[in-house]
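Q: I am new to this structure and would like to learn how to read it one feature at a time. Could you take me through it slowly, giving the general idea before each case?

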Amino acid sequence: SSSEASPGPSTPAAGPPQISGNSLPLFKSAVGDAATGLVAPVVIGHDDAGATVTIEPSGRTKLVIFAAHWCSHCQREIPVLQDWIDAGRVPSGVDLVSVSTAIDPTAPNYPPGAWFEREGWTVPVMVDPTGSVAKAYGLNAYPYFVVLDGEGRVTARLTGEVDPSTLETLL
């Protein structure tokens, strides 16, 4: 056996999320979206505590939620989505993952992890300190939603405050 000390747990400070695959085109409209049917990039990142958070094909539908802590629309949407989750209305076979992006220490609700905690947010949160995940997914506004099928292909993208019933229909 080795007497060397093992390295400590990885943390978000260890670097930005690792992205593989082709980036999606910039989102312009849900109608005729150029990304529909494309395989989304695979992302391996971390939450604030250093736990691994991934966006990758899992055989299950995935809803990826991008939010910025300073965005007034995100501040209204996150509690609405949490109420939807708490009410058990997320369709079965669907996994949720969120991405905290556009992080700005001079803006409201910083640090974003504390904001998500105050909202009682139960969805895993990948920290995107450089905005690389948002860019790879074609984000153009907040909040931003990307629906992926079980093979990781884009089935829908939306921006803005979205009624959970709309998400249920897409999922």
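Q: How many bridges join strand 4 to strand 5, and do the two run parallel or antiparallel?

A: A word of care comes at the start, since this is a predicted model. In general, strands of a sheet pair through backbone hydrogen bonds, and they do so either parallel or antiparallel. Here strand 4 (residues 61-67) and strand 5 run parallel and are joined by seven bridges. To find one place where they face each other, look for Lys62, which stands opposite Asp95 in strand 5.

Q: Why is strand 5 described as largely enclosed by the rest of the structure?

A: A residue is called buried when its relative accessible area is under 20%. Strand 5 (residues 94-100) has seven residues, and six of them are buried, so the strand is largely enclosed by the rest of the structure. For an exposed residue, turn to Gly88, in the loop between helix 1 and strand 5, where the relative accessible area is 58%. Gly88 and Ser98 are 10 residues apart along the chain, and their C-alpha atoms are separated by 18 Å.

Q: Which residues have a positive phi although they are not glycine, and which peptide bonds are cis?

A: Most residues other than glycine have a negative phi, and most peptide bonds are trans. Ala102 has a positive phi of about 55°, and Asn109 has one of about 60°. Ala102 is in the loop between strand 5 and helix 2, and Asn109 is also found in the loop between strand 5 and helix 2. Ala102 counts as partly exposed at 25% relative accessibility, as does Asn109 at 22%. Pro111 lies in the loop between strand 5 and helix 2 as well, and the peptide bond from Tyr110 to Pro111 is cis, with omega near 0°. Another cis peptide bond joins Tyr142 and Pro143, with omega about -20°; Pro143 is in the loop between helix 3 (132-136) and strand 7 (144-148).

Q: How many cavities of 30 Å³ or more does the structure hold, and what lines the largest cavity?

A: Rolling a probe the size of a water molecule over the atoms shows where empty space is left. The structure holds two cavities of 30 Å³ or more, and about 40 Å³ of space lies in the largest cavity. Among the residues that line the largest cavity are Val39, Ile55, Glu56, Tyr137 and Gly152. By kind, the lining of the largest cavity divides into eight nonpolar residues, one polar and one charged.

Definitions and conventions. Residues are numbered from 1 along each chain as its sequence is written. This is a predicted model: local features need pLDDT of at least 70, side-chain atom pairs count only at pLDDT 80 or more; totals for chains, interfaces and linings use all residues. Side-chain values use heavy atoms; hydrogens and water are left out. On a 1 Å grid over the protein atoms alone, a cavity is a set of points where a 1.4 Å probe fits but cannot get out, and a pocket is an open set with protein on both sides within 12 Å along at least five of seven lines; lining residues have an atom within 4 Å of a point. Grid points are joined across faces, edges and corners, and a volume is the space filled by probe spheres set on the points. Ala, Val, Leu, Ile, Met, Phe, Trp, Tyr, Cys and Pro count as nonpolar, Asp, Glu, Lys and Arg as charged, and the others, Gly among them, as polar. Buried means under 20% relative accessible area, exposed over 50%, partly exposed in between (1.4 Å probe, protein chains only). Helices (H or I, at least four residues) and strands (E, at least two) are DSSP runs, numbered from the N terminus. Two strands pair if DSSP finds at least two bridges between them.
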